[in-house]
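Please look through the sequence and the structure shown here before reading the briefing.

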Amino acid sequence: MDDKEALRVGAAVRRRRRTLGLTLAAVAGRSGLSVPFLSQIENERARPSPRSLDLVAQALETTTERLRAAADSARAVDLVRADDEDGVHRLVRGRHQLSALEFIGEQDLGREFQHRNDEVMYVVDGAVEVEAEGQAHRLGRSDTLFLSGGVRHRWRATVPGTRLLVVSVAEHIDATYDSRR
């Protein structure tokens, strides 16, 4: 494994740890490595030796080969061609950590949403009204609204030709974790 590959494995380690619902301290206890070192690996500031990576893999109930494969699959350059499905453009396709949609036109999504992960709504053009947890927010061009995971919300375009960009942590990613992880 070269230096770049060793560094890139950090994101795969973090994803696997979070999938298992483990804290850094728990992985440290299982692997015999220190919390600061594991944090440096995850943040790609430290390069684990083959032995250290093997200890991490065992602590995460996987293999070094699977961590490397996950690191390779985490590196992606995906081109998404413009398409339009009833005024919705999917800006990211596949199973990535990020989800991004652009809504164009007079969308009126009267139904209520509640996503488990964080979300940002950005008005590219036009205006929207968002009701979040019973409070109304009027957003105009270039306004942004952040919604943490679990917030109930609904929205509607209030100006013809509105373009709304919604970016969130993908639903298949469990991003509910505390700051100790």
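Predicted model: local features only at pLDDT ≥ 70, side-chain atom pairs only at ≥ 80, totals over all residues.

Residues are numbered from 1 along each chain as its sequence is written, and side-chain values use heavy atoms, with hydrogens and water left out. Helices (DSSP runs of H or I, at least four residues) and strands (DSSP runs of E, at least two residues) are numbered from the N terminus.

**Nonpolar cores**

- A nonpolar core is a set of buried Ala, Val, Leu, Ile, Met, Phe, Trp, Tyr and Cys residues joined through side-chain atoms within 4.5 Å, where buried means under 20% relative accessible area, exposed means over 50%, and partly exposed lies in between (1.4 Å probe, protein chains only).
- The largest nonpolar core has 19 residues, and those with the most contacts inside it are Val13, Leu38, Val56 and Leu67.
- Two or more residues of this core come from each of helix 1 (3-20), helix 2 (24-31), helix 3 (35-42), helix 4 (50-59) and helix 5 (64-74), and helix 4 gives the largest share, 5 residues.
- Leaving aside residues up to four places away in sequence, valine 56 touches Val13, Ser31, Leu33, Leu38 and Ile41, a contact being heavy atoms within 4.5 Å.
- A second, separate core has 14 residues, including Val88, Met121, Ala132 and Val151.

**Strand pairing**

- Two strands pair if DSSP finds at least two bridges between them.
- Strand 4 (residues 119-125) runs antiparallel to strand 7 (residues 144-147), to which 4 bridges join it, and in this pairing glutamate 119 stands opposite leucine 147.
- Strand 4 also runs antiparallel to strand 9 (residues 163-169), with 6 bridges between them, and here aspartate 125 stands opposite arginine 163.

**Salt bridges**

- A salt bridge is a side-chain nitrogen of Lys or Arg within 4 Å of a carboxyl oxygen of Asp or Glu, and by this rule the count comes to 10.
- Glutamate 102 and arginine 163 meet through their side chains in a salt bridge of 2.8 Å, N to O, and this pair links distant parts of the chain, with glutamate 102 in strand 2 (residues 98-104) and arginine 163 in strand 9, 61 residues apart.
- Within that pair, glutamate 102 is buried at a relative accessible area of 10%, whereas arginine 163 is partly exposed at 33%.
- Arginine 154 and glutamate 112 form a salt bridge of 3.8 Å, N to O; because arginine 154 lies in strand 8 (residues 152-157) and glutamate 112 in strand 3 (residues 108-114), the pair ties together parts that are 42 residues apart in sequence.
- Both partners are partly exposed, arginine 154 with a relative accessible area of 30% and glutamate 112 with 38%.
- Arg14, Arg17 and Glu42 are linked in a network of salt bridges.

**Loop residues with positive phi**

- Glutamate 61, which is not a glycine, has a positive phi of about 55°, and its place is in the loop between helix 4 and helix 5.
- Glutamate 133 likewise has a positive phi, near 50°, in a residue other than glycine; glutamate 133 sits in the loop between strand 5 and strand 6 (135-139) and counts as exposed at 51% relative accessibility.
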